[in-house]
Amino acid sequence: MATTVILGAGIIGTSTAYYLSKHQPGSSIHLVEPSPELFASASGFAGGFLAKDWFSPASAGLGALSFEEHRRLAEREDGRSRWGYAASTSVGLSPPTHKKRVDVWCRVGASRAEAASGAATAPAVAPEWLSGHGGAVEVISGEGTVAQVDPLQLSQFLLQKCIDAGVRLHHPAKAISIQTDVRNELASICIADTLSSSETDIPCTNVVIAAGAWSPQVFATLFPTSGFELPVSSLAGHSLVVKSPKWTKEHEGDGCHAVFMESKPGYSPEIFSRIGGHIYVAGLNSTTEPLPALATDSKSSISRPAIEKLRGTAREVLGADDVEVVREGLCFRPATDRGTPILSRIPDSCLGPAVNTRPAPEGGVYLATGHGPWGISMSLGTGKVMAEMIQGRELSADVSGLGLNV
Ligand SMILES: Cc1cc2nc3c(=O)[nH]c(=O)nc-3n(C[C@H](O)[C@H](O)[C@H](O)COP(=O)(O)OP(=O)(O)OC[C@H]3O[C@@H](n4cnc5c(N)ncnc54)[C@H](O)[C@@H]3O)c2cc1C
């Protein structure tokens, strides 16, 4: 099997390495990550809400595959205690009157509840911790079609599995250039260790760009003569993790809930109860927040007014005295205008005039990003399908609608 270098150790890169390592020696897979702290990006700070069927037709197959992979992995590896995997119920406090496709979600302020499958007709049973809210409650998910994880713990679990399989993690490190052979074919990639400033050439014929919102920068660095810009932007989001005596271990038997509150201009509050006594609050998003050089730098850009707004929502729902803040966050979703991710080989014609790659499965430059609000939900399916694509195996989901439009 050809050596594969994956750029970006968020949940998408790590999941791709995990599934690749099931069919080739781990030592032929490299993960490269520049952030001094692992998972300081969206993958560590996301809500961790999973859905089976809240997706537009182009990503429906991938979404369903991924939901099933989450279920299977959690069953096999005790996901409940290791990364808080649990079935959930979605509740809308003011559900939209008509359903829209999820690809409109990336508008700032729109609610992902607009994409709910809406299959349920069950009477509304509000979670106990929602006692602060007196309004209408409606269940908006079908039974067994939504779930919850702690995305940081899941990412850490996948990475540990990769390392156990022999995958090489280069961290903190950055890919600075690619080299070609006498036929102008991709032959190696130069990785700079950012602590020691030493450089290493890794012979490889496969490269996967999975650097989230940083993917366009990674592509421009490695293929400077290309002239092609990856159609990926960033959508920033603030979040809070809080604790409350209303949601503790003893309440976990009632199951997790995903609560979608009424959308206000620029703010669609989402509140998730998670295993481990945590409640996650988010929904305040921005397309203008500049992407930091490193994921860890996000901390210094956390906006106090944004955090206060999220705290206000937590107090509204849980009661004024019942909120202990555990973690504040700001992170950046990789987004596409069409609202669906890109899982694709990048055509050689986009790499620049003097760069070719070997035909699959011996070589290629691939892109796996742009998952917007669904990167945790779609992570395992994406890793599985990307590994199949790279290794030239049959794909487990139809991703023909998730190609790169060039
Ligand atoms: C507030 C918020 C809540 C969310 N909630 C949910 C949810 O409930 N459910 C859900 O499914 N999704 C959710 N998401 C979306 C989800 O978090 C993302 O879609 C997903 O984490 C994207 O994963 P990724 O691996 O593509 O990107 P990232 O997690 O951003 O990882 C990319 C990695 O690439 C690295 N990188 C940067 N530059 C380079 C470089 N030059 N070379 C190599 N690597 C580089 C970064 O440091 C980072 O580690 C949420 C997102 C936000 C912001």
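This is a predicted model: local features need pLDDT of at least 70, side-chain atom pairs count only at pLDDT 80 or more; totals for chains, interfaces and linings use all residues.

Modeller: Residues are numbered from 1 along each chain as its sequence is written.

The ligand is surrounded by 41 residues, the closest being Gly 10, Gly 47, Gly 212, Gly 237 and Gly 375; a residue is near a molecule if its C-beta atom, placed from the backbone, lies within 6 Å of it. Two or more residues of the shell come from each of H1, helix H2 (42-45), strand E8 (173-180), strand E12 (233-243) and strand E16 (324-335), helices (H or I, at least four residues) and strands (E, at least two) being DSSP runs numbered from the N terminus.

At the level of domains, with bounds that come from an automatic or database domain assignment, the chain is divided into domain 1 (4-42 + 154-232 + 338-402) and domain 2 (86-146 + 233-333), and the shell draws at least three residues from each of them. Taken over C-alpha atoms, the centres of the two domains are separated by 30 Å. Between them, 17 residues of domain 1 are in contact with 17 residues of domain 2, contact meaning that the C-beta atoms of two residues, placed from the backbone, lie within 7 Å. The side of domain 1 that touches domain 2 has eight nonpolar, seven polar and two charged residues.

The axes of H1 (residues 11-20) and helix H8 (residues 379-391) come within 7 Å and cross at roughly 55 degrees, with axes fitted as lines to C-alpha atoms, for helices over the stretch in contact, and angles running from 0 to 180 degrees between N-to-C directions. H1 is therefore oblique to H8, since angles under 35 degrees count as roughly parallel, over 145 as roughly antiparallel, 65 to 115 as roughly perpendicular and the rest as oblique. The crossing of H1 and H8 is right-handed, a crossing being right-handed if the near helix is turned clockwise from the far one by less than a right angle, and left-handed if anticlockwise. Among the residues that make this contact are Ile 11, Ser 15 and Tyr 18 of H1 and Gly 383 and Met 386 of H8.

H1 also packs with helix H5 (residues 151-164), at an angle of about 35 degrees and with the axes 9 Å apart, and here the crossing is left-handed. The residues in this contact include Ile 11, Ser 15 and Tyr 18 of H1, and Leu 158 and Cys 162 of H5; by class, the contact divides into seven nonpolar, three polar and one charged.

Note on methods. Ala, Val, Leu, Ile, Met, Phe, Trp, Tyr, Cys and Pro count as nonpolar, Asp, Glu, Lys and Arg as charged, and the others, Gly among them, as polar.
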